[in-house]
Amino acid sequence: MLMTHSETQTRQLLASRPLLDAARCSASAVAALNFYNAETLLAHVRAATALRASIILQTTESTIDYLGIRLVVAMARAAAEEIEAPVALHLDHGGSYELAERCIEAGYTSVMFDGSRLSFSENCAQTRRVVELAHANGVSVEGELGHVAHNDEVSANDIARFYTRPEDASRFVEETGVDALAVAVGTAHGFYKGDVRLDFERLAHIREAVGETPLVLHGGSAVPQELLFRAIAHGITKINFGTELKNAFTLAVKASLSSSDDIDLRRTFAPAIAAVQEISLAKIRICSQRQ
Ligand SMILES: [Zn+2]
């Protein structure tokens, strides 16, 4: 018998909080994979399908500008129908209330409000506003406290001045009601110049301070697997991956274009999809502790 549209539609995008709570209860994490185009999304869908794993699909505002918000949401909804495990669509590093509102209206099921460059009280107030709107619409919210810098911005020595303080984390979670908190404990965005050092003691204190609120590690790309395992053991329940995915895609497209004059885009992009899929698989395995 044919599977009708309504049957496949039962797998809808979910808010991220239940995915994160389930991961926390099983001492694992959810891989949050950025996508940028149909090819990177396809890679994530194939990886999650192969492992029957929950994932968080996420985009930044730049991808929304690139694809258009309706297309992003439609693509993610179709992806959720394909994957036999819960999937959420998350706005990564949302910079304003207005953007969060636009995403919620369009069908995102999770949004980040990144007020990490604001003062503590301003970050609290603005995050709180986004939480009120999001929760009224069944959408989860991630906040950020401390600041996960870009590798170009900071040297390994002064990265620590941006670290999240446990006592602030506890107040922030209480005052805002966020569903997840991105913490600065040693990771950075972009490529690492030296060894990654994570402050596990701080992470353990933050974990204690925020109770059951899931913690998020940004800048997961190229962080050694052992450190990611330790981060999960210390209470991280969402790990963001972007840089490594973009890099693998770009390198594979370059190789494909320089080795052939083929204009069949399906063949041009196939190795790039496979390259990203391999990384997605590895990251999902790490997060779900299925090594
Ligand atoms: Zn980030």
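Q: Which way do the residues of β2 point?
A: I55, L57 and T59 point one way from β2, and I56 and Q58 point the other way. All of them are buried, where buried stands for 20 or more other C-beta atoms within 10 Å of a residue's own, exposed for 12 or fewer and partly exposed for what lies in between, with C-beta atoms placed from the backbone. Because five of the five residues of β2 are buried, the strand is largely enclosed by the rest of the structure.

Q: Before we go on, what kind of model is it, and how is it numbered?
A: The model is predicted; local features need pLDDT of at least 70 and side-chain atom pairs count only at pLDDT 80 or more, whereas totals for chains, interfaces and linings use all residues. Residues are numbered from 1 along each chain as its sequence is written.

Q: And how are the elements named?
A: Helices (H or I, at least four residues) and strands (E, at least two) are DSSP runs, numbered from the N terminus.

Q: What do the strands form together?
A: Eight strands close into a barrel in the order β1-β2-β3-β4-β5-β6-β7-β8, with parallel pairing. Two strands pair if DSSP finds at least two bridges between them. Neighbouring strands of this sheet are turned by 25° against each other on average, direction ignored.

Q: Is β3 enclosed or open?
A: Strand β3 (residues 87–94) is largely enclosed by the rest of the structure, because eight of its eight residues are buried. β3 also pairs with strand β4 (residues 110–113) in the parallel sense over three bridges, and G94 stands opposite F113 in β4.

Q: What about β5 and β6?
A: Strand β5 (residues 140–145) and strand β6 (residues 180–183) pair in the parallel sense over four bridges. L145 stands opposite V183 in β6.

Q: Which strands does α12 lie across?
A: Helix α12 (residues 265–287) lies across β1 (30–34), β2 (55–59) and β8 (236–241) and runs at about 155° to β1. Axes are lines fitted to C-alpha atoms, for helices over the stretch in contact, and angles run from 0 to 180 degrees between N-to-C directions.

Q: On to helix packing: how do α8 and α9 meet?
A: Helix α8 (residues 166–176) and helix α9 (residues 200–210) pack at an angle of about 30°, with their axes 8 Å apart. α8 and α9 are therefore roughly parallel to each other; angles under 35 degrees count as roughly parallel, over 145 as roughly antiparallel, 65 to 115 as roughly perpendicular and the rest as oblique.

Q: How do α3 and α5 cross?
A: The axes of helix α3 (residues 38–51) and helix α5 (residues 69–82) come within 10 Å and cross at roughly 20°. That makes α3 roughly parallel to α5, and the crossing is right-handed. A38, L41, V45 and T49 in α3 meet M75, A79 and E82 in α5. By class, this contact has five nonpolar, one polar and one charged residues.

Q: Is A80 buried or exposed?
A: A80, which lies in helix α5, is buried, with 24 other C-beta atoms within 10 Å. Leaving aside its neighbours within four places in sequence, A80 is in contact with R11, Q12, L13 and V87.

Q: Last topic: what is the phi of A27?
A: Phi of A27 is near 50°, a positive value in a residue other than glycine. A27 is found in the loop between α2 (16–25) and β1, and counts as exposed, with 11 C-beta neighbours inside 10 Å.

Methods:
Two residues are in contact if their C-beta atoms, placed from the backbone, lie within 7 Å. A crossing is left-handed if the near helix is turned anticlockwise from the far one by less than a right angle, and right-handed if clockwise. Ala, Val, Leu, Ile, Met, Phe, Trp, Tyr, Cys and Pro count as nonpolar, Asp, Glu, Lys and Arg as charged, and the others, Gly among them, as polar.
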